[in-house]
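Thanks for making time this morning. Please have a look at the model on the screen, and then I will take you through a few of its parts.

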Amino acid sequence: MSILDKLNELAKPLKRAILNSPLNDLLGQDMAVVILTDHKSGKALTLRANYFRHEEIIYLIGERDDLRWDNLVQGAPVIIRIKGNEYKGWAQVLEDRNIFMQALQQHPENLLNFSQKQNLTMDENNNILEEELSNFFQRFLIIKGSITR
């Protein structure tokens, strides 16, 4: 184990404490905290993700490299914390990116906000360039969370 790995291990309790505290809201405006259960170990996992909310659906943007999101491939119960509010629901990795894009396109301000935050270029018709969108979906996955209060 390298020194960096050891430091990362030592910092985990501090990161977890910040994620579960009001300080998390200060770290990122559009960040959600997602709590789910690891299907192998049964331990609770806490993840951060960018999000976009569309009515009672929360779309989470997770890094593909983070294998903990694999716990949601088949769907699972989750708790999602956003701006101090806690929502319970069901989340599943979204296989069809078009569902996410259609939800964004229903609200042009959200599409613009999404493209700016992800550094994606839009054309003159306010569509994200396909090549950039493809690259985005190679790096990130979308998780669809259906929530109840």
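What volume does the second largest pocket have? This is a predicted model, in which local features need pLDDT of at least 70 and side-chain atom pairs count only at pLDDT 80 or more, while totals for chains, interfaces and linings use all residues. Residues are numbered from 1 along each chain as its sequence is written, and side-chain values use heavy atoms, with hydrogens and water left out.

To come back to the question, the volume of the second largest pocket is about 200 Å³, taken as the space filled by probe spheres set on grid points joined across faces, edges and corners. A pocket here is an open set of points on a 1 Å grid over the protein atoms alone, where a 1.4 Å probe fits, with protein on both sides within 12 Å along at least five of seven lines, and lining residues have an atom within 4 Å of a point. Its lining has 13 residues, and Asp30, Tyr51, Phe52, Asn113 and Lys117 lie nearest the centre. Strand S2 (44-54) and H4 each give two or more residues to that lining, helices (H or I, at least four residues) and strands (E, at least two) being DSSP runs numbered from the N terminus.

Turning to helix H5 (residues 130-139), Leu133, Phe136 and Phe137 are buried, that is, under 20% relative accessible area with a 1.4 Å probe and protein chains only, whereas exposed means over 50% and partly exposed in between. Seen down the axis of H5, these buried residues fall within an arc of 90°, so they line one face of the helix, the arc being that of the directions from the helix axis to the C-beta atoms. On the other side of H5, Glu131 and Gln138 are exposed.
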